[in-house]
Amino acid sequence: MTPVRAERTRRTRRAIGRGAVAVMLLALAAAGLWRAFGSSHHPQSLQARTYAVARGLRCPTCEGQSVADSQSDLARQMDGVIAAQLVAGRSPDQIHAWFAERYGDQVLLDPPAHGLGLLAQAVPIASVVLGLTAVLVQLRRWRRRGRRGPTPIPMVDELRPVDGA
Amino acid sequence: VTQPAPVRRVAGVRMRPLAWSVVALALLAALTAGLAGALGGRNAADAAALMTGRTAPPLAGSSLTGGRLDLTDLRGHVVLVNVWASWCGPCRQELPLLAKFQQANRSTGVVVLGVVTRDSAGPARSLLASSGASQIRSIQDPTGALAVSWGATGVPESFLVDRAGRIRARCIGAVSPAWLDRNVAPVLAAS
């Protein structure tokens with residue numbers, strides 16, 4: 001085999017190897033996407049679909065547990081109702097609304113965006129935005145001070161002698 | 001020589017940056033606590049009022065004696081729907097009171113309708129007999145699905161349904177003679 005031909009063969013092998021790796025990575029990515037979105041949005045078994053709906057409901061007699069996580073009698077009853085409604089062809093949103101009618105909006109772990117629910121969602125976001133703004137403003141001040149050199153000593157009221165002191 | 005921190009004057013009040021931060025944090029904490037209380041603490045206070053004023057959900061099924069019972073067949077009566085079970089201690093104490101209440105108000109069209117939840121017919125019938133409450137008719141709810149469809153959170157729990165089929169009062173836990181007096185009389189008077 002001539003050196004030129006040998007070099008071509010090496011290049012071809014490298015290209016095939018790279019192509020195979022790329023195909024494998026693409027296949028893995030596609031499988032991951034299918035598992036993340038395809039399978040969770042359309043769970044196969046009734047048990048998995050019931051669990052998915054129950055995860056969005058707060059157990060009314062528990063402290064901070066979802067119906068899916070709770071082992072209470074009421075949570076098991078609710079599981080049975082969820083399964084029966086799924087078999088009857090109702091959607092997860094319809095089932096959540098059905099429970100909210102009977103146990104109030106607080107039964108929903110993701111409360112609707114109105115009234116107190118909206119406030120509860122808005123306050124953390126507003127706090128983060130305000131906090132970031134404050135940090136940015138402070139950083140800009142420090143930068144300006146750094147360019148101008150040391151800050152002069154401020155003349156403030158406290159430094160003046162108090163009359164009669 | 002240490003220099004004093006810069007002081008700001010806002011609305012006549014001198015505030016240092018640190019003080020501003022403390023005030024802001026305190027306000028945020030108060031707001032968060034208020035929200036948590038408003039969203040999480042409503043359960044107990046509002047649960048009793050949640051179903052009140054609404055049309056009673058469907059309630060039908062097999063009775064303990066084998067027949068079929070349906071709340072809609074009792075339209076025109078004032079119905080006290082009572083969710084109970086033979087394994088529930090407070091229910092055992094409540095049943096004799098409910099039996100007496102139904103007996104005393106029979107002439108005014110008041111009916112007690114039981115929902116035996118997550119229980120077997122045998123023990124439920126035995127308890128009714130031993131409590132002198134055999135005249136209380138009950139629908140079997142072995143899975144608890146009927147109780148959930150009424151928004152019940154446990155046993156015993158009672159719902160007072162007026163003659164038009166609307167829920168007028170709800171009692172979480174065992175009813176007392178005072179609760180019955182306070183709630184049944186206005187419903188009877190209104191209908």
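## Aromatic pairs

Counted over all chains, this predicted model holds three aromatic pairs. One of them joins A:Phe99 and A:Tyr103: with ring centres 6.4 Å apart and planes at 25°, the pair is stacked, because planes under 30 degrees apart fall in that class.

Where do A:Phe99 and A:Tyr103 sit in chain A? Both belong to helix α4, which covers residues 92-103, and they are four residues apart, about one turn of the helix.

B:Trp150 and B:Phe159 are both buried.

## An aromatic cluster in chain A

Which residues form one aromatic cluster? They are A:Trp98, A:Phe99 and A:Tyr103.

## A positive patch on the surface

Now let us turn to charge. On the surface, a patch of positive charge gathers A:Arg140, A:Arg141, A:Arg143, A:Arg144, A:Arg145, A:Arg147 and A:Arg148.

A:Arg143 is a handy member to look at. This arginine lies in helix α5 of chain A, which covers residues 116-148. Is A:Arg143 buried or exposed? A:Arg143 has a relative accessible area of 61%, so this residue counts as exposed, the cut-off being over 50%.

Methods: Residues are numbered from 1 along each chain as its sequence is written. Chains are lettered from A and ligands numbered from 1 in the order in which they are written. This is a predicted model: local features need pLDDT of at least 70, side-chain atom pairs count only at pLDDT 80 or more; totals for chains, interfaces and linings use all residues. Side-chain values use heavy atoms; hydrogens and water are left out. Patches are made of residues with over 30% relative accessible area and no salt bridge: like charges are joined within 9 Å, nonpolar side chains (Val, Leu, Ile, Met, Phe, Trp, Tyr) within 5 Å. Accessible areas come from the Shrake-Rupley method with a 1.4 Å probe; for residues, only the protein chains shown count as cover. A salt bridge is a side-chain nitrogen of Lys or Arg within 4 Å of a carboxyl oxygen of Asp or Glu. Lys and Arg count as positive and Asp and Glu as negative; His and the chain ends are not counted. The place of a charge is taken as NZ of Lys, CZ of Arg, CG of Asp or CD of Glu. Helices (H or I, at least four residues) and strands (E, at least two) are DSSP runs, numbered from the N terminus. Buried means under 20% relative accessible area, exposed over 50%, partly exposed in between (1.4 Å probe, protein chains only). Rings of Phe, Tyr and Trp (its six-membered ring) pair if their centres lie within 6.5 Å; planes under 30 degrees apart count as stacked, over 60 as edge-to-face and the rest as tilted.
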